[in-house]
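Me: I am new to this structure and would like a close look at one part of it, the salt bridges. Which residues form them, where do the partners sit, and are they buried or exposed?

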Amino acid sequence: VMGGIAGGLIDWGIPEEVSRRYENSVRQGGILAVIRTSDSSVNRAASILRQNGAKDVESHASNS
């Protein structure tokens, strides 16, 4: 049974391997921002994040 950050991300449809990587990054002091948006807005949201210094911006389809 997964818990914590990884478990929540998996529930949202993010693959387990990626979820574990995010959780490990947070454990090492990183910051994780999860932005839920419509398919039509995902590219704009990613662009705004990158313009403001975000690294490793990725998108994943939701289960819901």
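Reply: A residue counts as buried under 20% relative accessible area, as exposed over 50%, and as partly exposed in between. The model is predicted. Searching the whole structure gives three salt bridges.

Begin with Arg20 and Glu16, whose closest N and O atoms are 2.6 Å apart. Both residues belong to helix H2, which covers residues 16-27. They are four residues apart there, about one turn of the helix. Glu16 has 40% relative accessibility, so Glu16 is partly exposed. Arg20 is partly exposed too, because its relative accessible area is 39%.

A second salt bridge lies between Arg27 and Glu23, with 3.6 Å from N to O. These two are also four residues apart in helix H2, so about one helical turn separates them. Here the two ends of the pair fall into opposite classes. Arg27 is exposed, because its relative accessibility is 63%. Glu23, with a relative accessible area of 11%, is buried.

The remaining salt bridge joins Arg21 to Glu58, and the closest N and O atoms are 3.2 Å apart.

Definitions and conventions. Residues are numbered from 1 along each chain as its sequence is written. This is a predicted model: local features need pLDDT of at least 70, side-chain atom pairs count only at pLDDT 80 or more; totals for chains, interfaces and linings use all residues. Side-chain values use heavy atoms; hydrogens and water are left out. A salt bridge is a side-chain nitrogen of Lys or Arg within 4 Å of a carboxyl oxygen of Asp or Glu. Buried means under 20% relative accessible area, exposed over 50%, partly exposed in between (1.4 Å probe, protein chains only).
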